[in-house]
Amino acid sequence: MSFIDLQNIDFRYPEEPDEQLVLKGISLSIQKGEFLSIIGANSSGKSTLGRLMNALYLPVKGTVIVNGMNTLDEEKVFDIRKTVGMIFQNPDNQIVATTVEEEVAFGPENLCLPNKEIRKRVDEAMDLTGLKPYAQTPPHLLSGGQKQLLAIASVLSMKPSCMIFDEPTSLLDPKSRKMVVKKIVELNQQGITIVLITHRMEEVLLSKRVIVLYEGQIVKDMTPGELFQMTEQDLNKIKLYPPEIIKIISRMKQEGMEIPPHIYSTSDLVSFICPSK
């Protein structure tokens with residue numbers, strides 16, 4: 001049985017009942033412990049799909065089942081949102097408390113857990129994200145990357161089985177981006193199911209499976225390797241634009257250089273061309 005199962009999903013925004021569907025005929029199954037990336041052009045429906053998975057949005061047609069719970073069942077919505085946590089693009093939109101420690105404790109406190117359990121969860125979440133030294137720091141004094149880690153810690157303190165990341169690095173500088181990406185990988189290694197929504201093609205290499213959305217429909221369900229083997233022309237048809245390193249590798253292949261199919265990054269290409277002795 002799939003951990004998250006979407007069957008024949010249609011969706012349009014309730015405030016725009018006469019508009020065309022944002023998502024059309026979406027069927028998708030995600031296994032427990034999986035690391036899945038969702039990629040697509042702007043307005044392809046990526047974020048909307050993520051919000052359907054934790055009942056922030058409800059389908060106008062079809063069903064979304066999360067760990068056996070139907071998102072249309074109002075009595076299950078709270079349990080679904082405890083099971084599937086969501087990290088948004090801008091961490092400032094998720095932060096409500098005046099210190100790091102208070103922010104991480106906010107979720108468990110709203111669950112009315114015993115003080116001892118809240119203390120344990122807060123300490124564990126801050127340790128996992130490296131925020132323990134900043135426990136009494138006001139969130140507005142943190143860097144962008146640290147704020148995103150705080151958002152992650154706040155969700156972790158709720159003990160979710162799955163975390164959905166909605167373009168979590170798009171507002172970050174390269175150093176902060178690397179910090180957050182590293183933490184996402186570590187969380188998956190610890191057994192948390194990860195859904196990474198991104199517009200950065202290089203980030204899909206973190207996952208084992210990639211879903212490509214185009215105009216509200218799933219057009220590809222493949223491995224990252226298969227995605228990067230697509231020609232630039234075919235990618236452009238679905239409004240995806242490969243990183244420069246992929247363009248370079250493609251050009252080198254056109255010029256007759258044999259490059260193994262598993263090479264996608266700059267460091268891998270350098271190591272292949274100039275192997276260490």
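Helices here are DSSP runs of H or I that hold at least four residues, numbered from the N terminus. Helix H9 is one of them, and glycine 256 follows H9 with a positive phi, near 100°. The model is predicted.

**Aromatic rings**

- A pair of aromatic rings is described by two values: the distance of the centres and the angle of the planes.
- The count of aromatic pairs comes to three.
- One of them joins phenylalanine 11 and tyrosine 13, with 5.3 Å from centre to centre and 90° between the planes. That pair is edge-to-face, because planes over 60 degrees apart count that way.
- Phenylalanine 11 also pairs with tyrosine 57. Their ring centres are 5.1 Å apart and their planes lie at 15°, so this pair is stacked.
- Phe11, Tyr13 and Tyr57 make up one aromatic cluster.
- Is phenylalanine 11 buried or exposed? Phenylalanine 11 counts as buried, because its relative accessibility is 1% and the cut-off is under 20%.
- Tyrosine 13 is partly exposed, at 22% relative accessible area. Tyrosine 57 is partly exposed too, at 26% relative accessibility.

- Helix H9 spans residues 244–254, and its buried residues are Ile245, Ile246, Ile249 and Met252.
- Why do these buried residues line one face of the helix? Viewed down the axis of H9, they fall within an arc of 120°, so they share one face.
- Glu244, Arg251 and Gln254 are exposed on the other side of H9.
- What covers the buried residues of H9? The cover includes helix H7 (224–228) and helix H10 (266–273).

**A nonpolar surface patch**

- Met257, Phe272 and Ile273 form a nonpolar patch on the surface. Together they have about 230 Å² of accessible area.
- Phenylalanine 272 belongs to helix H10. At 32% relative accessibility, phenylalanine 272 is partly exposed.

**Two loop residues**

- Leucine 72 sits in the loop between strand S5 (69–70) and helix H2 (77–83).
- Leucine 72 is partly exposed, with 42% relative accessibility.
- Setting aside residues up to four places away in sequence, leucine 72 touches Leu58, Pro59 and Gly62.
- The C-alpha atoms of leucine 72 and alanine 55 are separated by 7.9 Å. Along the chain, these two residues are 17 residues apart.
- Asparagine 54 lies in the loop between H1 and S4. Its relative accessibility is 4%, so asparagine 54 counts as buried.
- Which residues is asparagine 54 in contact with, leaving aside neighbours within four places in sequence? Its contacts are Ile80, Arg81, Val84 and Met86.

How values were computed. Residues are numbered from 1 along each chain as its sequence is written. This is a predicted model: local features need pLDDT of at least 70, side-chain atom pairs count only at pLDDT 80 or more; totals for chains, interfaces and linings use all residues. Side-chain values use heavy atoms; hydrogens and water are left out. Rings of Phe, Tyr and Trp (its six-membered ring) pair if their centres lie within 6.5 Å; planes under 30 degrees apart count as stacked, over 60 as edge-to-face and the rest as tilted. Buried means under 20% relative accessible area, exposed over 50%, partly exposed in between (1.4 Å probe, protein chains only). The arc is that of the directions from the helix axis to the C-beta atoms. Contact means heavy atoms within 4.5 Å. Patches are made of residues with over 30% relative accessible area and no salt bridge: like charges are joined within 9 Å, nonpolar side chains (Val, Leu, Ile, Met, Phe, Trp, Tyr) within 5 Å. Accessible areas come from the Shrake-Rupley method with a 1.4 Å probe; for residues, only the protein chains shown count as cover. A salt bridge is a side-chain nitrogen of Lys or Arg within 4 Å of a carboxyl oxygen of Asp or Glu.
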